[in-house]
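Please read the following briefing alongside the sequence and the coordinates. It moves from the whole chain to individual side-chain pairs.

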Amino acid sequence: MTLLRDQAIVIRSWKLGEADRIVSLFSREHGKLRAVAKGSRRLKSRVGARIEPLVVLNIQLWLGRDLHVISQVETIESNFELRRDLTVIQRAMSILELVDRLAHDDHEDPPLYDATIRAFRSLASSNSPLFVPAFYLRAMQLEGFQPSLDRCRDCGATEGITGFDVRSGDVICRDHPSGLDVSPGVLSAMRGVLGGRTSQVLAETSPQDAARVETLVVGFCESMIERRLRAIRPMGGN
Ligand SMILES: [Zn+2]
């Protein structure tokens, strides 16, 4: 049998039979993987305690045709600090949910993996409501879904932008109003994140603009991946 070694973020795990769990992982060099953690629900299992969502592991897997089998795991980052606060854990799970949708099975994506690890590291120390929308925008950019925020989709105008079409990621000027309203502050926050000025944007954007960016960015992500994102929309809100 072949042994695979990598590092990976635990996405989730679920029961299998009496004593085992299946774990879904986003690995750095092999993309998404599913593996059985044998005996992981027994009380003394050393693996079981480590396969919680958000934990980062060094993994060794025996490769199987459909499911792989965990041979060894070692914790790199427990990300325990992300679980101490409800708001922080909700943000962390929102990040994990989008990453789960964007990552591909058995297909490496180190830029997305590294961006996720960096986001987990800085999430605990950030209280900005814009943190997750900013991560979403950058993750979409990394995966080739970059919104086009500079010119009106219909006439090419660079001034008087008032709308954003979440289905295409284009902006529209006031001469042919359509899409969702976008203010200059919201536009500048989104441009700033895509232009690599995220920390400045997190510090300067008002809570109202941050909420608007979230609505637009989540709508854009959902439209691109054709799925509702549940973690970032608690209690069925819009
Ligand atoms: Zn126009």
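Predicted model: local features only at pLDDT ≥ 70, side-chain atom pairs only at ≥ 80, totals over all residues.

The protein has 238 residues, of which 47% count as buried, and its C-alpha trace extends over about 65 × 35 × 30 Å along the principal axes. The chain is divided into domain 1, covering residues 3–80, and domain 2, covering residues 128–236.

**Overall architecture**

- The C-alpha centres of domain 1 and domain 2 are separated by 35 Å.
- When contacts in the protein between residues at least 6 apart in sequence are considered, 56% of them join residues that are at least 24 apart.

**Surface and charge**

- The protein exposes about 12400 Å², and carbon and sulfur atoms supply 48% of that area.
- There are 32 positive and 30 negative charges in the protein, and the mean positions of these two sets lie 7 Å apart.

**Salt bridges that involve helix H2**

- The protein has 10 salt bridges, and one of them joins the side chains of Asp114 and Arg28, with an N to O distance of 2.7 Å.
- This pair links distant parts of the chain, since Asp114 belongs to helix H2 (residues 110–123) whereas Arg28 sits in the loop between strand S2 (20–27) and strand S3 (31–37), and the two are 86 residues apart.
- Asp114 counts as partly exposed at 24% relative accessibility, and Arg28 is likewise partly exposed, with a relative accessible area of 22%.
- A salt bridge also forms between the side chains of Glu77 and Arg121, again with an N to O distance of 2.7 Å.
- Here too the pair links distant parts of the chain, with Glu77 in strand S5 (residues 68–77) and Arg121 in helix H2, 44 residues apart.

- Arg153 forms a salt bridge with Asp165, and the closest N and O atoms of the two are 2.7 Å apart.
- Arg153 lies in the loop between strand S6 (148–152) and strand S7 (161–165), and Asp165 lies in strand S7 itself, so that the pair, 12 residues apart, links distant parts of the chain.
- The relative accessible area of Arg153 is 37%, which places this residue in the partly exposed class, whereas Asp165 counts as buried at 8% relative accessibility.
- Through salt bridges that share partners, Arg153, Asp154, Asp165 and Arg167 are joined into one network.

- Asn79 is located in the loop between S5 and helix H1 (86–102).
- Is Asn79 buried or exposed? Asn79 is buried, because its relative accessible area is 2%, and the limit for that class is under 20%.
- Once neighbours within four places in sequence are set aside, Asn79 is in contact with Leu54, Val56 and Phe120.

Key
Residues numbered from 1 in each chain as written. Heavy atoms only, no water. Buried < 20%, exposed > 50% of the residue type's maximum accessible area, 1.4 Å probe, protein only. Contact = heavy atoms within 4.5 Å. Areas by Shrake-Rupley, 256 points an atom, 1.4 Å probe, with all protein chains shown as cover. Lys, Arg positive; Asp, Glu negative; His and termini not counted. Charge placed at Lys NZ, Arg CZ, Asp CG, Glu CD. Salt bridge = Lys/Arg side-chain N within 4 Å of Asp/Glu carboxyl O. Helix = DSSP H or I, 4+ residues; strand = E, 2+ residues; numbered from the N terminus. Domains from an automatic or database assignment.
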